[in-house]
Amino acid sequence: MTFDDVKGMQIAYEEALAGYNEGGIPIGACLIHEDGRIIGRGHNMRVQKGSMTLHAEISCFENAGRLPASITSKCTLYSTLSPCTMCTGSALLFKIPRIVIGENKTFIGGEDWLAKNNVELINLNDQRCKDIMTKFIKEKPELWNEDIGE
């Protein structure tokens, strides 16, 4: 784990907390270039925007704006939760070589797919990430179950 990993996960967690405080699903993401620049950040906005697809990673990519693979291929994606297949596919499409997740106890996404495509995956097993998801699922199981939790 590097300093950028600590910084990246902190930003992703802040995004997850913002989503939770907005009444949404508490998953956050951040994209950081190898030179330390924050390229984008976002959180799950499915509830807030009435969207089927606005997961944290997709929100982060959207907020990063239009970028060529020459930029994204030098970035690390931070997500508080293991990315689902949609978000995994997006990371592969954008040639992101490294993904750092907060946890995969709550949900295991496309981790095998990432491994098959030689993407470095690091699980920080961050207790904050586990706690906020556990709390959310207990409080709003219907929201969790309408998407990837089901």
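This report describes the fold, the core and selected residues of a predicted protein model.

## Basis of the model

The structure is a predicted model, in which local features need pLDDT of at least 70 and side-chain atom pairs count only at pLDDT 80 or more, while totals for chains, interfaces and linings use all residues. Residues are numbered from 1 along each chain as its sequence is written, and side-chain values use heavy atoms, with hydrogens and water left out.

## Overall fold

The protein chain contains eight helices and five strands. Helices (H or I, at least four residues) and strands (E, at least two) are DSSP runs, numbered from the N terminus. Along the sequence these elements follow the pattern α-β-β-α-α-α-β-α-β-α-β-α-α.

The radius of gyration, taken over C-alpha atoms, is compared with a globule rule of 2.2 Å times the number of residues to the power 0.38. For 150 residues a compact globule would have a value near 15 Å, and the 14 Å of the protein chain agrees with this. The C-alpha atoms fill a box of roughly 40 × 30 × 25 Å along the principal axes. The accessible surface, calculated by the Shrake-Rupley method with a 1.4 Å probe and with only the protein chains shown counting as cover for residues, comes to about 7,400 Å², of which 53% belongs to carbon and sulfur atoms. Buried residues make up 50% of the 150 residues; buried means under 20% relative accessible area, exposed over 50%, and partly exposed in between (1.4 Å probe, protein chains only).

## Nonpolar core

In soluble globular proteins, nonpolar side chains tend to be buried together. A nonpolar core is here a set of buried Ala, Val, Leu, Ile, Met, Phe, Trp, Tyr and Cys residues joined through side-chain atoms within 4.5 Å. The largest such core has 40 residues, of which Leu31, Leu77 and Ile99 touch the most other members. At least two residues of this core are supplied by each of α1 (3-21), β1, α3, β3, α5, β4, α7 (127-139) and α8.

Contacts are defined by heavy atoms within 4.5 Å. Beyond its neighbours within four places in sequence, leucine 31 is in contact with Arg37, Ile38, Ile39, Gly40, Cys60, Phe61, Cys75, Thr76, Leu77 and Ile96. Across the protein chain, 57% of the contacts between residues at least 6 apart in sequence join residues at least 24 apart.

## Helix α3 and its flanks

Helix α3 (residues 56-64) is mostly covered, with seven of its nine residues buried. These are Ala56, Glu57, Ile58, Ser59, Cys60, Phe61 and Ala64. They pack against β1 (28-33), β2 (38-43), β3 (75-79) and α5 (85-93).

Histidine 55 lies in the loop between α2 (46-49) and α3, and is buried with a relative accessible area of 6%. Leaving aside neighbours within four places in sequence, the contacts of histidine 55 are His43, Asn44, Arg46, Cys84, Met86, Cys87, Asp147 and Ile148. Just after α3, glycine 65 takes a positive phi of about 85 degrees. Glycine 65 belongs to the loop between α3 and α4 (69-72) and is partly exposed, at 39% relative accessible area.

## Aromatic rings

Rings of Phe, Tyr and Trp (its six-membered ring) pair if their centres lie within 6.5 Å; planes under 30 degrees apart count as stacked, over 60 as edge-to-face and the rest as tilted. The count by this rule is two aromatic pairs. Phenylalanine 61 and phenylalanine 94 form an edge-to-face pair, 5.0 Å centre to centre with 80 degrees between the planes. Because phenylalanine 61 lies in helix α3 and phenylalanine 94 in the loop between α5 and β4 (98-101), the pair ties together parts that are 33 residues apart in sequence. Phenylalanine 61 is buried, at 11%, whereas phenylalanine 94 is partly exposed, at 30%.

The rings of phenylalanine 107 and tryptophan 144 also form an edge-to-face pair, with centres 6.5 Å apart and planes at 85 degrees. Phenylalanine 107 lies in the loop between β4 and α6 (111-116) and tryptophan 144 in helix α8 (residues 141-145), so this pair joins parts 37 residues apart in sequence. Phenylalanine 107 is buried at 16% relative accessible area, and tryptophan 144 is buried at 7%.
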